[in-house]
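Subject: Structure handover

Hello,

Here is the structure I said I would pass on. Please look through it first; my notes on what was found come after it.

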Number of protein chains: 2
Amino acid sequence: MNNSVELPKANNAQESVAKPQNIGIGLLGMGVVGSGVARVLINKADNLAEQAGFPLILKKVLVRDAKKQRSIELTPNLLVTHLDEILSDPEIDIVIELIGGEYPAKEYIERAITNGKHVVTANKELMAKYGYELLTLARKHNTDLRYEASVGSGIPLISTFQQDLAANQISAIYAILNGTTNYILTQMTQEGLDFSAALKQAQGLGYAEADPANDIEGTDAVYKLAILSSLAFHTKINPQEIYCEGISRLQAQDFRYAREFGYAIKLLAIAKVDADTIEMRVHPVFIPQDSQLAKVDGVYNAIQVEGDLAGNLIFHGEGAGTLRASSAVIADVLAIARNIRRGVNNIPEVRLNQKLTVKPISDIETRYYFRLNVVDRPGVLAQISKILGDNSISISSVIQKENDLESQSAVLVIMTYPSQEKAVQRALEQVAKLATVKEVANSIRVEV
Amino acid sequence: MNNSVELPKANNAQESVAKPQNIGIGLLGMGVVGSGVARVLINKADNLAEQAGFPLILKKVLVRDAKKQRSIELTPNLLVTHLDEILSDPEIDIVIELIGGEYPAKEYIERAITNGKHVVTANKELMAKYGYELLTLARKHNTDLRYEASVGSGIPLISTFQQDLAANQISAIYAILNGTTNYILTQMTQEGLDFSAALKQAQGLGYAEADPANDIEGTDAVYKLAILSSLAFHTKINPQEIYCEGISRLQAQDFRYAREFGYAIKLLAIAKVDADTIEMRVHPVFIPQDSQLAKVDGVYNAIQVEGDLAGNLIFHGEGAGTLRASSAVIADVLAIARNIRRGVNNIPEVRLNQKLTVKPISDIETRYYFRLNVVDRPGVLAQISKILGDNSISISSVIQKENDLESQSAVLVIMTYPSQEKAVQRALEQVAKLATVKEVANSIRVEV
């Protein structure tokens, strides 16, 4: 090649052909995030216009009920109740989807794309389940589909993987991806609260929804991990292949023992690649108290990434909130607007060509914490140790706690060396059958 | 506008006019970072080619001595000793400048730009001092000048401010930007080492250079803060306007007292905007032990950014090392290569239109820690308190320590409420003149 291959001048022919006067935006959904985005588009109009090169105009907002009272005053004629009013509007260039969930958001996005609109979405469920499909559709229609707000809210992650870490081979992600559960776990740690009390408090503060299942069962974190893993490892991820346990079975005692052994309890989303296998899981873990992730408290999220060049990076910020998400949504809108102004095709590529086999959870190896309620009688530990040993599980430490003379019961807390999951499950089944064991009260993986 | 303003197809005419077969790279400098970048370009050639769309070929490497023994084996004919051999090579599209410092790097970059080459640099001194000038020159010549590696090494920051945080009004940056000093401070904290012992250790491990002045005097952090502030606040920054104190006057006792009061000592780079004034400074500070930045140990860097939308974000990673910088350098190279392939002009804009007045250090307000060696005699504290009070400085706590009967001396440790810098300096001068005060041993600002 020679020097003739240089970047076109900013004022190239292409741009002058159809110089736009402004960028029209259609917004789908006026919930918490939608209202925040509308407010930013209106309040920061001047600044955004300066950056984009021309005004970003909120043209229409799709709502279910145009008469509903809202926290933000919009010119009434902005509100529409039929998607077609947005799709058929030639002045709308970008559609922002903030309805959430699968239905009808998926269909709406598909129709926006096939109508030639660029799309910005914060929809983690959709991007986790159908990201490849939707991105491919967008590419086919020469439109851009951006989703920075779908993971970590205002923490830049999507573009970080797409661009900044592009030269890296990523080996692992360890992440706190759900603010609700991290808030609950923080309260359980710091205030010694029970799970249900901590959940109620989170609901009272608006950090947890009335139906908190998606958060506390880990589903939300699974979606986000699927999106990040797909970007980090350049492979298609089916979120159903991610092993998932929620936090509802954690008890105040587990936090006490964790602290005693020098650990914090966090709901971690973990993805690790070893040669051509990938291991992905979301579940509560013991992590060392002095690790960076252990220090992430409250509604904060943190994403730790290990790259062969960049080393160990951590991105830390609030993973939820009206304005947090709007930071990412508007950044996506600005990126698209700049490309429109420059008349350039700068759609991030979909590189999902890595073939990785998902390792079944039964094959993974971790350390473990067991809490057992046992009969307080000599020989019990010997019985349990024998079962563990027979299953190739080595004990790193064991403490007998809370002997209760009246009920003749005791609590055994056992920490193991790395052991295979299927051996652990088999051993725990055998332990549970011992006459001297009243209950396998909890078992939690340990990451170091 | 109407729908006709859409992104051009990827296979648009422009691209097909001059479809390149590969991207040629000229590398200036084969020091630690240069060798790392060369190694990555060679070892990851296949992966990079796949991402860029065609091979990235290291065509020539500028060195001072072509015969010198090197850690990486390069085909001997790659090595050149005259810049012209690179600038006149039409097959070289991108020049990577990794010489560092002002001379001759500035002239080399300018000549590369005026010869139509895109430039990637890790040169913080140059970008801090002449960033606006060089970026403007690049824009004039329609070439791209990227500098992601200049701050935080492999931690993505430049693109984060340029794109991801574009919708935010940034109010403050608090950052640990120098790994050498953070390593020294960590050793002084954890091992109780004196400054000189900690410095020697850092030099032994290769974390500090034989002449460590740039690091320990804070100059390195000043350059990096100038670059970040310019991006965050959209204004031209002259690094000479950044107030700077290094870490060499910190003593083991300061770390003991800091811990006693619940603080860590860090060298922070701080930039804050209040209306149309900006406050920028690099100096040691007491920060609360439980703050996130206090927990950043060893050679790690961490950059905390406060945005009106994204909230409080922290970016954490290793701020130095061969491979760390190459992560950022190669990401920049890939970004340029993608633009060349797509035949698009996607040069980040230079938005430095904010008019901000730099607040003089004498006008800033902070809390303070003072350590005074005094004569152990009743009434001393009263004299000192009076001077502080006369200068409108309120004491938040005071402890008398280490009374030494023999020398009749004692140590007074005083923590103040927020006070104006000029009042503090005036008061300390007056205090130093008291017959009962042997020495104002140290004074360190406190950030909470």
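Two residues are in contact if their C-beta atoms, placed from the backbone, lie within 7 Å. This is a predicted model: local features need pLDDT of at least 70, side-chain atom pairs count only at pLDDT 80 or more, and totals for chains, interfaces and linings use all residues. Residues are numbered from 1 along each chain as its sequence is written, while chains are lettered from A and ligands numbered from 1 in the order in which they are written.

Domains

Chain A is assigned domain 1 (13–153 + 323–342), domain 2 (158–319) and domain 3 (365–446); such bounds come from an automatic or database domain assignment. Helices (H or I, at least four residues) and strands (E, at least two) are DSSP runs, numbered from the N terminus. The C-alpha centres of domain 1 and domain 2 of chain A are 29 Å apart.

Helix H13 of chain A

Helix H13 (residues 322–342) of chain A has 21 residues and, at 1.5 Å a residue, should span 30 Å, which agrees with the 30 Å between its end C-alpha atoms. The expected span is 1.5 Å times one less than the number of residues. Of the 21 residues of H13(A), 18 are buried, so the helix is largely enclosed by the rest of the structure. A residue is buried if 20 or more other C-beta atoms lie within 10 Å of its own, exposed if 12 or fewer, and partly exposed in between, with C-beta atoms placed from the backbone. After H13(A) comes A:Gly343, with a positive phi near 65 degrees.

Sheet of chain A

Six strands of chain A form an open sheet with parallel pairing, in the order S3-S2-S1-S4-S5-S6. Its edge strands, S3 (79–80) and S6 (145–146), each pair on one side only. Two strands pair if DSSP finds at least two bridges between them; strand S2 (residues 56–62) and S3 of chain A have two, in the parallel sense. A:Val80 in S3(A) is the bridge partner of A:Leu62.

A residue in chain B

B:Leu145 lies in strand S6 (residues 145–146) of chain B. B:Leu145 is buried, with 28 other C-beta atoms within 10 Å. Leaving aside neighbours within four places in sequence, its contacts are B:Ile113, B:Val119, B:Leu134, B:Leu135 and B:Ala138.

Regards
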